[in-house]
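Please open the model in your viewer and keep the selection panel at hand. The tour starts with one residue and then moves out to a whole chain.

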Number of protein chains: 2
Amino acid sequence: MKQFIIIGHKAVTAPFSLNDLPGAAGRMDILCRCINAALFLSHDLRRDVRVYLVLKGEPDPPKLIRFDGNEVRYLSPDERSAASLIKKALEKNAQDFWTESMPGVSIRRGNFSNLLRELNKKIIYLREDGEDIRGKRFEEPLFVLGDHLGLTDEEEKLIEGCEHKIVSVGPLSLHADHCIVILHNEMDRKEKASLHSINHIIL
Amino acid sequence: MKQFIIIGHKAVTAPFSLNDLPGAAGRMDILCRCINAALFLSHDLRRDVRVYLVLKGEPDPPKLIRFDGNEVRYLSPDERSAASLIKKALEKNAQDFWTESMPGVSIRRGNFSNLLRELNKKIIYLREDGEDIRGKRFEEPLFVLGDHLGLTDEEEKLIEGCEHKIVSVGPLSLHADHCIVILHNEMDRKEKASLHSINHIIL
């Protein structure tokens, strides 16, 4: 299982118009593209991936939304499709526990700290000054990425309070969804290499 | 200069509604995500990139649209923003030569063959069975990628008639925009390594 947390500092916490994701919905477009990057293969979904969105915008923060690649349906690669599922989740009366709003999409009331405690795993935090991911192997990783605002000092402190590693995907500063694509590529390559070496041993 | 051609086999060739990019606009969402992947850095644009879209859908095919990273303005990372610039280009009466519809966005009447002849460069064609890009160096590359339908036999024959190389970005079959992100990452790394070795020589 590969897990991604993306923090949307302005992402709204009530149903929104699908026609203005960057503006009125508080850069919800960023979170939608991260869902696409984390879950889609060509003509298939990555079943071993979960994506968590931390929504911190008005009017009712904080809320958490989860997309489970193994369960999700009715999701197409376009931003509007992911946005429509997020919107449906926000129509639910969020509780302190996960409630499924559509197959594979769930919502709960909670913040980044609650989520880290719930998942209780070593964190791989994406930041420009981190160690290069190339050649690294990630076992059941939990990645944390910021939106256009990065992470706040408070959020970084939460990460520092957990077992964590800071990594970078390359020499330039990229959007969160682009980072996810590059992370997947590195893991895909490692998995193929492992399979290859297992086959080699069996032969 | 890095150039990308993406072929939209169903992408419409007249102004369309921004509210249904995957359906009525003929998977225009794919082309919009490719523009994002090719042109955006975090808080910046890749100025050394040009993206060409080949629109082959009804009602008035074929048309070519060009986004020039060095000139483009009014482009945000969301799909709807790129779509809005494509729509504005399609409102122009396309000629057999490039006409600018907005800063950095131009349109002309023409097909894939016309475009290849105009650019007159070695083609790097992305296909799952190609040689791995990792470790390769691309000088002033011209990449060709298909949409959800891949390339037709006729389009592949056009490529075979030119100097070309077939490459792949990894072990799994990915969306065109994800391939572009991985291509850029490989080139970014190579450019950084070159800069580093130049600095080393100067020191």
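**First stop: Ile30(B)**

Select Ile30(B), which counts as buried because its relative accessibility is 9% (buried means under 20% relative accessible area, exposed over 50%, partly exposed in between, with a 1.4 Å probe and protein chains only). This is a predicted model, in which local features need pLDDT of at least 70 and side-chain atom pairs count only at pLDDT 80 or more, while totals for chains, interfaces and linings use all residues. Residues are numbered from 1 along each chain as its sequence is written, chains are lettered from A and ligands numbered from 1 in the order in which they are written, and side-chain values use heavy atoms, with hydrogens and water left out.

Now extend the selection to residues 28-39 of chain B, which form helix H1, where Ile30(B) has its place (helices are DSSP runs of H or I with at least four residues, strands runs of E with at least two, numbered from the N terminus). Then pick Asn185(B), 155 residues from Ile30(B) along the chain, and you will find 20 Å between their C-alpha atoms.

**Second stop: chain A**

Switch to chain A and colour it by secondary structure, to see five helices and ten strands. Its C-alpha trace spans about 55 × 35 × 30 Å along the principal axes. Colouring chain A by burial shows that 56% of its 203 residues are buried. Finally, display the contacts in chain A between residues at least 6 apart in sequence, of which 68% join residues at least 24 apart.

Conventions
Contact means heavy atoms within 4.5 Å.
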